[in-house]
Amino acid sequence: MKLTGVELRRIEMPLVAPFRTSFGTQTARDILLVRVETDEAVGWGECGALADPLYSPEYVDGAADVLRRFFVPALAEADHLDATAVGRVLAPFKGHRMAKAALEMAVLDAELRAEGRPLARELGAVRDRVPCGVSVGIMGSVGELLDTVGGYLDAGYVRIKLKIQPGWDVEPVRAVRERFGDDVLLQVDANTAYTLADARHLARLDPFGLLLIEQPLDEEDVLGHAELAKRLATPVCLDESIVSAKSAADAIALGACQVVNIKPGRVGGYLEARRVHDVCAAHGVPVWCGGMLESGLGRAANLALAALPGFTLPGDTSASDRYYRTDITEPFVLSGGHLDVPAAPGIGVEPVPELLAEVTTATERVAC
Ligand code: NPQ
Ligand code: MG
């Protein structure tokens, strides 16, 4: 293939309810989409970066800038373009994995569409539907939390993840266990809100039989997680710390995690995400697919990834209506706690032009 055009598109999608984590509260998702045109097909990519650099160092304006200034011009030089070329061509540029992932996803989508191959098959999927969990934000009260969790369980979600932070951890977990019982698959996510000095406090979560505690400590504190893991019965899962297959292998070797959350954007794309999966599988470490409140485009591709054999825990691949009243693609609807893996070529879905136009705040063509 040859790259003939790239469009960067910003969309603003209002959330159905504010989403509060240990790093802040969001009421809308500002998303960067990448549309690539090649001589053979068009492809769509979605960038995981948030508006502010609070989850990771990347942010939407920064991702758009590095794409227009460096990544797209470098890729335009490549004469045998395919998805594997994207990582190779962009390797000299440090970091910016979410921006790289968005461009790679768009090229991968175009390549697979041109060849009539679905992403799931390309990645090595072994399922045509995946069980879905849901991420539940920090709430104003335990009562509000119990109503929200009850609604998700009624909707069919097979696993609940509670966002936690100091002051909102043991009590909400205890309340959910008391109300909904010990059979609910339950886990927590701290988004780096604790330090090793909190180890004894976090051990108070042990009696509740959680599946895992996700990223309790700073993203760079891999040794701290190894020490914490020794002091907790609850398995430690890493999210922010895992930025590549190499860092996953290192974290596993150090004993820093018993479970890994895989987000394609965080590790630089779907091809590296598969390598993270492979490394974890080789070490017998279960993985699950994380989420960045994606639109239907990223959601579709995440479902393809979550269908690989090592994804033995339900992920944050929730239905469209968990976050958005109107998605930009055909909505993903939960059925028996599962979502179908798209079977059409490429990522398997496309934006509905009118819905896309309604949420678009800016479009920019980058010269190729
Ligand atoms: C996580 N995702 O696993 C992330 C964090 C995250 C589904 O819990 C707006 C506001 C967008 C907060 C995207 C989930 C966000 C956000 C991702 C938090 O750590
Ligand atoms: Mg997380």
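**Close-up 1. Helix H1 crosses helix H2 at roughly 120 degrees**. In this predicted model, H1 covers residues 60-76 and H2 covers residues 83-90, and their axes come within 10 Å. Why is H1 called oblique to H2? Angles over 145 degrees count as roughly antiparallel and those from 65 to 115 as roughly perpendicular, so a crossing at roughly 120 degrees makes H1 oblique to H2. As for its hand, the crossing of H1 past H2 is right-handed.

**Close-up 2. Here's where H1 and H2 actually touch**. On the H1 side, look for Phe71, Ala74 and Leu75. Their partners in H2 are Val86, Val89 and Leu90. What classes do these contact residues fall into? Six are nonpolar, and there are no polar and no charged ones.

**Close-up 3. Domain 1 meets domain 2**. Follow the protein chain and you'll find domain 1 in two pieces, 3-116 and 352-366, while domain 2 takes in 121-340. Their C-alpha centres lie 23 Å apart.

**Close-up 4. Helices H9 and H10 pack at an angle of about 20 degrees**. H9 runs over residues 245-254 and H10 over residues 270-282, and their axes are 8 Å apart. Angles under 35 degrees count as roughly parallel, and H9 and H10 are therefore roughly parallel to each other. This pair, too, has a crossing to look at, and the one between H9 and H10 is right-handed.

**Close-up 5. Zoom in on the residues that join H9 to H10**. H9 brings Ala245, Lys246, Ala248, Ala249 and Ile252 to the meeting. Waiting in H10 are Glu272, Arg275, Val276, Val279 and Cys280. Sort the contact by class and you get seven nonpolar residues, no polar ones and three charged ones.

Technical notes:
Residues are numbered from 1 along each chain as its sequence is written. Chains are lettered from A and ligands numbered from 1 in the order in which they are written. This is a predicted model: local features need pLDDT of at least 70, side-chain atom pairs count only at pLDDT 80 or more; totals for chains, interfaces and linings use all residues. Side-chain values use heavy atoms; hydrogens and water are left out. Axes are lines fitted to C-alpha atoms, for helices over the stretch in contact, and angles run from 0 to 180 degrees between N-to-C directions. Helices (H or I, at least four residues) and strands (E, at least two) are DSSP runs, numbered from the N terminus. A crossing is left-handed if the near helix is turned anticlockwise from the far one by less than a right angle, and right-handed if clockwise. Contact means heavy atoms within 4.5 Å. Ala, Val, Leu, Ile, Met, Phe, Trp, Tyr, Cys and Pro count as nonpolar, Asp, Glu, Lys and Arg as charged, and the others, Gly among them, as polar. Domain bounds come from an automatic or database domain assignment.
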